[in-house]
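User: I would like to go through the labels given to some residues and ring pairs here. Please set each value against its cut-off.

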Amino acid sequence: MRARPALMSVITLLLVGAVLAPKTPAAAEEGAVVNLEAPSVRGTAAFGRTLRADPGAWDPAEVSLTYRWLRDGEPIGKARGSSYDVRRADLGGRLSVQVTATHPDGEEAGRSSAVSESTDRVRRGTQVLRVRPRVIGVPRYTRTVRATAGRWKVESDRVSYRWLRDGKRVKGATGRTYRFAPGDVGHRLRVRVVSHVDGYQRAVSDSKVQGRVKHRVGVQRTATYSVTTRGRITASVKEFARLARQTFNDARGWRSKGVQFRRVASGGSFSLVLAEASTVPSFSSQCSATYSCRVGRYVIINQTRWQQATPPWNAGGRSLRDYRHMVVNHEVGHWLGKGHSSCPGAGRPAPVMMQQSKGTNGCVFNPWPTAAELR
């Protein structure tokens, strides 16, 4: 009778152990197929990329596997491989893969399916640059250069161009070619290419920066000048000197003929004189108080004309700034040895050596030397 409590204790321990012991999944019974570790999708969910299915773990381990790719939970056509090439139609959706495992003894012996977690929303692909764009040609005023589009891993459907001067956009410069303008001289340019491919994010690449843009021709002659006045001057001499310097340095002026102008404190190759109108004839009887003049080393700018231009010029709708360019170029042109010119034809730009202060005889007012005058 004393053995009975001991027997009861053993029975109790066996019952408790049975309750606490881990249970084998019902599907793990002989002949069943059990998913021990869920399938997963490896790779980046982006257009143009390839995703691969990790089937997870199964019991038994020797199961045969089939795959079914899903977009937002719905089957995708014939996408039944262990890998999947992300398509344009997938953009914005979430992808997952369903894996079906069949018992090695056949479907009758057991079959089971499991679905992976969904990916993030499919995004546009990323273009990969292979060869950077280039600018082909010489960086010189009046020359034209051409841009290459560069080369990308995925061929571009379309490319667009944007030209930059010192890193800032050049207004209206969006073609594959670019003709250098006067304002480009002394600056550095490059081209920005944007590649567009359907299903991909747009890609941007810049060419290398070119050397500074040069004048049309190199320096062939240096002329020094000093700034002086004659008579009672009411205009700003400082501004007069500054604006004249701009004219001398402008790529459209005599600098385009190879003449470089450099100001000196006194003397120099010629004197640029801002003169009260009444004093202009004092340089020569050939000079008029109405207009500007050049006598020997003196390039004389009539103060009244500098401040007001002339009636014909103003009637033509041209600016005072352009008149100032024109009158300096005209009188300096005489110092360079050029005589007066006439209109080459109605509607054509007037030569800067034409007396445009008096009119143009059918030509278009023009403050800069023409191509013929620069030869």
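User: Why is Trp69 called buried?

Analyst: The model is a predicted one. Trp69 has a relative accessible area of 0%, and buried means under 20%, so Trp69 is buried.

User: What makes Tyr84 buried or exposed?

Analyst: Its relative accessible area is 2%. The limit for buried is under 20%, so Tyr84 is buried.

User: How many aromatic pairs are there, and why is the pair of Trp69 and Tyr84 called stacked?

Analyst: The count is 14 aromatic pairs. For Trp69 and Tyr84 the ring centres are 5.5 Å apart and the planes lie at 25°. Centres within 6.5 Å make a pair, and planes under 30 degrees apart count as stacked, so this pair is stacked. Trp69 belongs to strand E5 and Tyr84 to strand E7, 15 residues apart.

User: What makes the pair of Phe283 and Tyr298 tilted?

Analyst: The angle between the planes is 55°, with 5.5 Å centre to centre. Stacked needs under 30 degrees and edge-to-face over 60, so the rest count as tilted. Phe283 lies in the loop between strands E21 and E22 and Tyr298 in strand E23, so the pair ties together parts 15 residues apart in sequence.

User: Why is Phe283 called buried, and what is Tyr298 called?

Analyst: Phe283 has 14% relative accessibility; the cut-off is under 20%, so Phe283 counts as buried. Tyr298 has a relative accessible area of 33%. Exposed requires over 50% and buried under 20%, so Tyr298 is partly exposed.

Key: Residues numbered from 1 in each chain as written. Predicted model: local features only at pLDDT ≥ 70, side-chain atom pairs only at ≥ 80, totals over all residues. Heavy atoms only, no water. Phe/Tyr/Trp six-rings, centres within 6.5 Å; stacked < 30°, edge-to-face > 60°. Helix = DSSP H or I, 4+ residues; strand = E, 2+ residues; numbered from the N terminus. Buried < 20%, exposed > 50% of the residue type's maximum accessible area, 1.4 Å probe, protein only.
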